[in-house]
Amino acid sequence: MTTDDFKGIKARLGDISRRDFMRYCSIMAGALGLSTGLAPRIAQAIADPKRRPPVIWLHGQECTGCTETLLRPSHPSLDSLILDIISLDYHETLCAGAGQQAEASLAQSMRENAGKYVLIIEGAIPVKDNGIYCKIGGKTFLSLVEEVAAQAGAIIAIGSCAAWGGIPSAHPNPTGATSAPEVLKGKTVVTLPGCPPNPYNLLSTVVHVLSFGKLPKLDSLGRPTFAYGRLIHENCERRPHFDAGRFAEKFGDEGHRLGYCLYKLGCKGPVTHANCPEIQFNDLGGGTWPVGTGHPCFGCAEKGVGFTIPMFTQVEVLSPTPFARQAPIIPERPVPVSPITAALAGGALGLAIGASAVALRKLKDSPDDPDHPVKED
Ligand code: SF4
């Protein structure tokens, strides 16, 4: 990246140092499961203002939490990065205009960018009674999604509601709420489930498209494998306690205060695919996530688990998974008395060792193929 390119980045993103920006791009490469050697290519893609894809963002049955999570991170200015690398032509919450003015900007963007714009769908789509339970600008959300999707270059369903129905589709589902992939059968829909989804997964998906000109590798449910390829249980910081048979039995008991595994409190980590324990929320790698604060995972990112299986019901651990890359628990050794961070203390070392092992393994693999699978141990 040339000095001029970086000057452009600085002008657009504000007070960010070149070192921080490159560090950020390296983290992004890591989050995508790529070699950090691809960071300069990612930096180049972000730096090029001509690559900004037009984005139309539609809201259906939802709480706007997905948009909120996008706007609330603090470092490194993720909202600026996302809003800078895309051209957000239409977003019902963030639009400066309203009413007919907003609808006109939607029609204009569709007309001028047919076949090129990215459609992001937030919220479930009610289909019962021809979709009359959610209307925007006089149209049903169902017809709006179908109309805008018809000419989209790429479609992303953000959040659990759009990805698989989420809360609006919970029993008894009076509005017939369903997901974007169900409504848009036959089209490729990238799904980023989570309640809320992690904004880094949206950013990583967009950056992948900008850097390599194609979507990241998806699983059978449309989820990018870089983010949803592993069970939460595999990378959870409390996993060494699970393996050692140390569980919290009740909220507030000694095991809970010492940071033991939350399986017996109904944790759905063993059946939920997501990268929450690795990238966490709020601040990349230094933030927090539900299990880290002592609350069992409720499986929001997994269809048929979140908002479906009761919160405190224990799930069956059907497929044994490898031990987490975390420091083992040594029962004889006194556990630090810090209530929430007892598990984190060992986890930090294990994460560092695990991250190094992953990095070394990736370096040994082909570094230039963004879809090159990471070999398993
Ligand atoms: S807290 Fe949940 S995800 Fe973490 S080890 Fe225990 S069961 Fe697995």
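Colleague: Which residues touch the most other members of the largest nonpolar core?

Modeller: Those are Ile42, Ile85, Ile120 and Leu202, in a core of 46 residues. A nonpolar core here is a set of buried Ala, Val, Leu, Ile, Met, Phe, Trp, Tyr and Cys residues joined through side-chain atoms within 4.5 Å. Buried means under 20% relative accessible area, exposed means over 50%, and partly exposed is in between (1.4 Å probe, protein chains only).

Colleague: Which helix gives the largest share of this core?

Modeller: Helix α10, residues 199-212, with six residues. Helices are DSSP runs of H or I with at least four residues, strands are runs of E with at least two, and both are numbered from the N terminus.

Colleague: And which domains does the core draw on?

Modeller: At least three residues come from each of domain 1 (52-228) and domain 2 (232-363). Those bounds come from an automatic or database domain assignment.

Colleague: Thanks! What kind of model is this?

Modeller: This is a predicted model, where local features need pLDDT of at least 70, side-chain atom pairs count only at pLDDT 80 or more, and totals for chains, interfaces and linings use all residues. Residues are numbered from 1 along each chain as its sequence is written, and side-chain values use heavy atoms, with hydrogens and water left out.

Colleague: Back to α10, then. Is Phe212 buried or exposed?

Modeller: Phe212, which is in helix α10, is buried, because its relative accessible area is 13%. Phe212 and Arg41 are 171 residues apart in sequence, and their C-alpha atoms are 8.8 Å apart in space.

Colleague: Where does Met110 lie?

Modeller: Met110 is in helix α6, residues 99-112. Met110 counts as buried because its relative accessibility is 8%.

Colleague: New topic: how many residues surround the ligand?

Modeller: There are 13, and the closest are His233, Cys236, Cys261, Leu262 and Cys267. A residue is near a molecule if one of its heavy atoms lies within 4 Å of it.

Colleague: What classes make up that shell?

Modeller: Nine residues are nonpolar, two are polar and two are charged. Ala, Val, Leu, Ile, Met, Phe, Trp, Tyr, Cys and Pro count as nonpolar, Asp, Glu, Lys and Arg as charged, and the others, Gly among them, as polar.

Colleague: Which helices supply at least two residues of the shell?

Modeller: α12 (232-235) and α13 (239-243) each do.

Colleague: Now the backbone. Where are the cis peptide bonds?

Modeller: One joins His171 and Pro172, with omega about 10°, and Pro172 lies in the loop between α8 and β8. Another runs from Cys195 to Pro196, with omega near 5°, and Pro196 is in the loop between β9 (189-192) and α10.

Colleague: Why point those out?

Modeller: Because most peptide bonds are trans, and most residues other than glycine have a negative phi.

Colleague: What about Gly176, buried or exposed?

Modeller: Gly176 counts as buried, because its relative accessibility is 17%. Gly176 is in the loop between α8 (159-164) and β8 (177-178).
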